[in-house]
Amino acid sequence: GFGAVVDEECAPDLDEAEIDYVTDQMVSQLTLKAPNAKARKVSDDAPLIERINYMIESEINPQLANHGGQVVLTELTDDGYAVLQFGGGCNGCSMVDVTLKDGIEKQMLEQFAGELNGVRDATEHQAGEHSYY
């Protein structure tokens, strides 16, 4: 139980935030997890492209960041496919197809059932100067 002062402009960034005090044998620390700090939450009736971008920023990219990667939505096709561009550690990674189909696409189709038909990759994954590794 403690108070905090936050300016009005930043208050929406702290929606759904969690503050935790963690101790172990070596260190004690206060952690703040604020899922809306990077990407402001969008309403459930926002356009599909906005909801997909929010999902990418709040759910998918934090997972990919653990491996040095990220993904961006480059296009939402008329036939309902999200076209993604991988970057960072994902560019040149041998597991990118598994990540795309068994991870990202599965999550997106579940969250956007009836609105999204699939996910496509627009990344040039062949080894070369553009590759991360």
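**Helices, salt bridges and a nonpolar surface patch**

Arg51 is buried, with a relative accessible area of 15% (buried means under 20% relative accessible area, exposed over 50%, and partly exposed in between, with a 1.4 Å probe and protein chains only). The model is a predicted one, in which local features need pLDDT of at least 70 and side-chain atom pairs count only at pLDDT 80 or more, whereas totals for chains, interfaces and linings use all residues. Residues are numbered from 1 along each chain as its sequence is written, and side-chain values use heavy atoms, with hydrogens and water left out.

The side chain of Arg51 meets that of Glu115 in a salt bridge, at 2.5 Å from N to O (a salt bridge is a side-chain nitrogen of Lys or Arg within 4 Å of a carboxyl oxygen of Asp or Glu). Because Glu115 lies in the loop between H2 and strand S5 (118-121) and Arg51 in helix H1, the pair ties together parts that are 64 residues apart in sequence; helices (H or I, at least four residues) and strands (E, at least two) are DSSP runs, numbered from the N terminus. In contrast to the buried Arg51, Glu115 counts as partly exposed, at 35% relative accessibility.

A search of the whole structure finds three salt bridges. Another of these joins the side chains of Asp79 and Arg120, at 3.6 Å from N to O. This pair links distant parts of the chain, with Asp79 in the loop between S3 and S4 and Arg120 in strand S5, 41 residues apart. Asp79 counts as partly exposed at 39% relative accessibility, and Arg120 counts as partly exposed at 37%. A further salt bridge is formed by the side chains of Glu105 and Lys101, at 3.3 Å from N to O. Being four residues apart in helix H2, Glu105 and Lys101 are separated by about one helical turn. An α-helix has 3.6 residues a turn, so residues three or four places apart point the same way.

For H2, the 16 residues should span 22 Å at 1.5 Å a residue, and the end C-alpha atoms are 21 Å apart, which agrees. H2 bends by about 35° at Glu105, a residue that is buried in this helix together with Val96, Leu100, Ile104 and Met108. The buried residues of H2 pack against H1, S3, S4 and S5. Among them, Leu100 has a relative accessible area of 5%, and it touches Leu84, Phe86, Glu105, Val119, Arg120 and Asp121, not counting residues up to four places away in sequence. Leu100 and Arg120 are 20 residues apart in sequence and 8.1 Å apart in space, C-alpha to C-alpha.

Gly87, in strand S4, counts as buried at 11% relative accessibility. Gly87 touches Gly68, Gly69 and Gln70, not counting residues up to four places away in sequence, whereas the C-alpha atoms of Gly87 and Leu73, 14 residues apart along the chain, are separated by 11 Å.

The elements that give two or more residues to the nonpolar patch are strand S1 (18-23) and strand S2 (28-33). Phe2 lies in the segment before S1 and is exposed, with a relative accessible area of 59%.

Technical notes:
The expected span of a helix is 1.5 Å times one less than its number of residues. The bend at a residue is the angle between axes fitted to the seven residues ending there and the seven starting there. Contact means heavy atoms within 4.5 Å.
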